[in-house]
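Here is a short report on one protein chain. Look at the structure first, then read on.

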Amino acid sequence: MFTLKNKDQARLIHNFFRENEKALLIVLDACNWKILKFLREDWNINVVLSRGSSTFDWLTRTFTVPLEDVVYISSNPYTYLLKKVRKNFKRVIDLPLLAWDEKLNTVHPQSVNLFVKENIIANEKKIIAHYMQPHAPFLTKTWLNKYSHDFRKDMKQLKVYYLAAIAPAARKEFTRAYISNLNIVLRYVERLVHFVRTFERDMKVVVTSDHSEILRGVYNPFNKFRKKIWLWIPWILGMFRFVGHESNSRLRELYEVPWVSLQ
């Protein structure tokens, strides 16, 4: 593995679609590149810099110029809220409106695969496939899921992150569930890549992420959660540790994302 920490991911994305006649960009939401490397040691993972520490930041700062021949297939609810971003694509397919799993409170990666395959078969040559995983809610069985809610209505998922921030046991379970979630979605990614190699052998494939995810719990004096009065005491006592991600973060770790060429 070699690291390219000064590479601008947004520029790489636009170059990827401009330079290739057929291209598939796979986005894993909130993917920590170190965990990805742990699970896929054989992947040649470059580390590049995203322009956002949350999906909202990433979408608005990355897609600032038209990609008129690109179809964006997204399982993240933010995509259908950002009208200024949407107009820069040939078409946006909003899976939260078409394939939402009420029990899981998310879009299953199988649905992403189905829509991507349909578009490739329909002769779409440039596609972004945005999986919701490894971001919570989790596909794996975990007691943390009972603290999840309808992500389409409240995309902050605060209950899960608050719990992981103040309770070491919850933080440990959050990490386990996150790794399991990433492992699950990677299996679907690999199935999709196998399909691409069979159906469109000359289509280039890159795996990346919109932003990273902090799992171990860090001291973050700028985090907005600290504004909650009931968190002052545990923060002072050293019991509160930031977990997850946030908008406009000052933590560089949240901007470091993988860039993996699979074909």
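## One leucine and its neighbours

Start with leucine 24. Leaving aside residues up to four places away in sequence, Leu24 touches Phe16, Val116, Ile127, Ala129, Leu192, Val196, Met203, Lys204, Val205 and Val206. Keep in mind that this is a predicted model.

Leu24 belongs to the largest nonpolar core, which has 47 residues. Leu24 is among the residues with the most contacts inside this core, along with Ile26, Leu28, Val116, Tyr131, Phe174 and Leu182. Several elements each supply at least two of the core residues: strand 1, helix 2 (33-39), strand 3, helix 6 (109-121), strand 7, helix 7 (158-166), helix 8 (168-199) and strand 8 (204-208). Which element gives the largest share of this core? Helix 8 does, with 12 residues.

There is also a second, separate core of 21 residues. Val27, Val48, Leu82 and Ile128 are included in this second core. In soluble globular proteins, nonpolar side chains tend to be buried together.

Now look at one pair. Strand 1 and strand 8 run parallel, and five bridges join them. Isoleucine 26 has valine 207 in strand 8 as its bridge partner. Ile26 is also one of the residues with the most contacts in the largest core.

## Helices against the strands

Next comes helix 3, residues 55-62. Which residues of helix 3 are buried? They are Thr55, Asp57, Trp58, Leu59 and Thr62. Their cover includes helix 1 (9-19), strand 1 (23-29), strand 3 (67-74), helix 4 (83-86) and strand 7 (126-134).

## The whole chain

The protein chain has nine helices and 11 strands. Of its 263 residues, 59% count as buried. Take the contacts with a separation of 6 or more: residues 24 or more positions apart account for 74% of them. The accessible surface of the chain comes to about 12100 Å². Carbon and sulfur atoms make up 54% of that surface.

Methods. Residues are numbered from 1 along each chain as its sequence is written. This is a predicted model: local features need pLDDT of at least 70, side-chain atom pairs count only at pLDDT 80 or more; totals for chains, interfaces and linings use all residues. Side-chain values use heavy atoms; hydrogens and water are left out. Buried means under 20% relative accessible area, exposed over 50%, partly exposed in between (1.4 Å probe, protein chains only). Helices (H or I, at least four residues) and strands (E, at least two) are DSSP runs, numbered from the N terminus. Contact means heavy atoms within 4.5 Å. A nonpolar core is a set of buried Ala, Val, Leu, Ile, Met, Phe, Trp, Tyr and Cys residues joined through side-chain atoms within 4.5 Å. Two strands pair if DSSP finds at least two bridges between them. Accessible areas come from the Shrake-Rupley method with a 1.4 Å probe; for residues, only the protein chains shown count as cover.
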